[in-house]
Amino acid sequence: MNYRKKTVLDVDVRGKKVLLRCDFNVPQDKATGEITSDKRIVAALPTIRYLLENGAAVIACSHLGKPKGEVKPELSLKPVAKRLSELLGQEVIMADDVVGPDARAKAAALQPGQILLLENTRFEPGETKNDPELSKALASLAELYVSDAFGAVHRAHASTAGVAAYLPAVSGFLIQKELDVMGSALSAPKRPLVAILGGSKVSSKIGVINNLLEIADTIIIGGGMSYTFSAAKGGKIGDSLLEADWEDYANQMVEKAAEKGVKLLLPVDSVCGDRFAPDAERKVVPAGQIPDGWQGLDIGPETVKLYCGAVAGAGTVIWNGPMGVFEFPAFAVGTQAIAEALSKTGAVTIIGGGDSAAAVDQLGYADKMTHISTGGGASLEFLEGKELPGVACLLDK
Ligand code: ADP
Ligand code: MG
């Protein structure tokens, strides 16, 4: 995939109507509808401000939740318009529909420096079908398309990809940073490149492991998925997470790494709990020797030493998947130690994956990393080396 794409800085936006695809898919309180984190709205501000300050009229759009092609008032973007307006310190005009009469009238009347927010793009059945009619209708509102919704670039939807067939299309600052940092880490990394892979399941990380085996110098395995590797080698894993169907695959990966000269590190010990609970009884046991009735919930102290040593001399570290059940403080020690080690290297440090980003944030290391990808699923597909439709549709540099 070509990661070098034109940005808002490469085009003239003055006096133009700009359709800006944002990721305003914010978490909301189920009962009150209140926005529980405005991070994604805050993240969109630099591009919005740049466009407004440079004389563009901004027509912003986004999806929110899964209304499945129907108008669902509880998934209206109105609360987002309110919060965005507070953050920007200016009025955000809200449309009652996506490409209907209200949106069209308000878009037509929009002046440079003003911002309009369309309703939830998924109120339109054509959105997730990438219907060309919807793409054309969206395109007809504007003269330029800017995408800054990294969290949605792995979807080929009308507002994330289809619309780019009918307008010149460039990226905003958020996508540009994702492409710059992750794109260079994958295509021309500062070596050695160390990939740390954890999380719950091997099966959800196959694509990531396969792709990183091709480019990394060292691969570190932790988290729940490490127990499938351990079981595949004949180890005792007690009640730890196991995907028995993937044991063969795990062994093949170990062989493939050896063939390619990629160093693959597996845990040498784990912190076990007598049940899956924050206050579980704990004990440290060597890898492959977990007694029945116990389950591995974190990497052990010897593993922490080994992994921190491997990270120390890295040029680039790509981390996806926590080392343990970080949601329970008693089992967050391994994840915390890795975060601490990353914060101390001179390496380019990249965090991908929704839970990994949450872990780093929760443990207080967010501002110590080079880059925390804003897209959960999108960042995984990026690490898998897949073509992302919402990136591929943008103009090449
Ligand atoms: P990401 O969203 O960053 O890609 P995953 O979704 O793959 O990460 O994995 C995150 C989840 O893995 C966390 O909820 C964490 O509790 C869980 N996890 C990590 N280690 C273990 C373990 N040893 N046993 C059970 N669950 C684990
Ligand atoms: Mg996850």
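1. A residue is counted as near a molecule if one of its heavy atoms lies within 4 Å of it. On that basis, in this predicted model, 20 residues surround ligand 1. The closest of them are Lys-205, Gly-296, Glu-327, Asp-355 and Ser-356.

2. The make-up of this shell can be described by residue class. Around ligand 1 there are 11 polar, six nonpolar and three charged residues.

3. The shell can also be traced to elements of the fold. The largest share, three residues, is supplied by α11.

4. Several polar contacts to oxygen atoms of ligand 1 deserve attention. A polar backbone atom of Asp-355 lies 2.8 Å from an oxygen atom of the ligand. For Asn-320, a polar side-chain atom is 3.1 Å from a ligand oxygen, and for Ser-200 a polar backbone atom is 3.2 Å from one. Taken alone, ligand 1 exposes 580 Å², of which the protein buries 87%. The ligand sits in the second largest pocket.

5. Asn-320 also belongs to a sheet. Strand β15 (residues 316-320) runs parallel to strand β7 (residues 193-197), and five bridges join the two. Within this pair, Leu-197 stands opposite Asn-320.

6. The sheet as a whole is open and has six strands in the order β10-β8-β7-β15-β16-β17, with parallel pairing. Strands β10 (263-265) and β17 (371-372) stand at the edges; each has a single partner strand, so one side of each is left without a neighbour in the sheet.

How values were computed: Residues are numbered from 1 along each chain as its sequence is written. Chains are lettered from A and ligands numbered from 1 in the order in which they are written. This is a predicted model: local features need pLDDT of at least 70, side-chain atom pairs count only at pLDDT 80 or more; totals for chains, interfaces and linings use all residues. Side-chain values use heavy atoms; hydrogens and water are left out. A polar contact is a pair of N or O atoms within 3.5 Å; within protein, one must be able to donate a hydrogen and the other to accept it, and residues adjacent in sequence count only if both atoms are side-chain atoms. Accessible areas come from the Shrake-Rupley method with a 1.4 Å probe; for residues, only the protein chains shown count as cover. On a 1 Å grid over the protein atoms alone, a cavity is a set of points where a 1.4 Å probe fits but cannot get out, and a pocket is an open set with protein on both sides within 12 Å along at least five of seven lines; lining residues have an atom within 4 Å of a point. A molecule sits in a cavity or pocket if more than half of its atoms lie within 2 Å of its grid points. Helices (H or I, at least four residues) and strands (E, at least two) are DSSP runs, numbered from the N terminus. Ala, Val, Leu, Ile, Met, Phe, Trp, Tyr, Cys and Pro count as nonpolar, Asp, Glu, Lys and Arg as charged, and the others, Gly among them, as polar. Two strands pair if DSSP finds at least two bridges between them.
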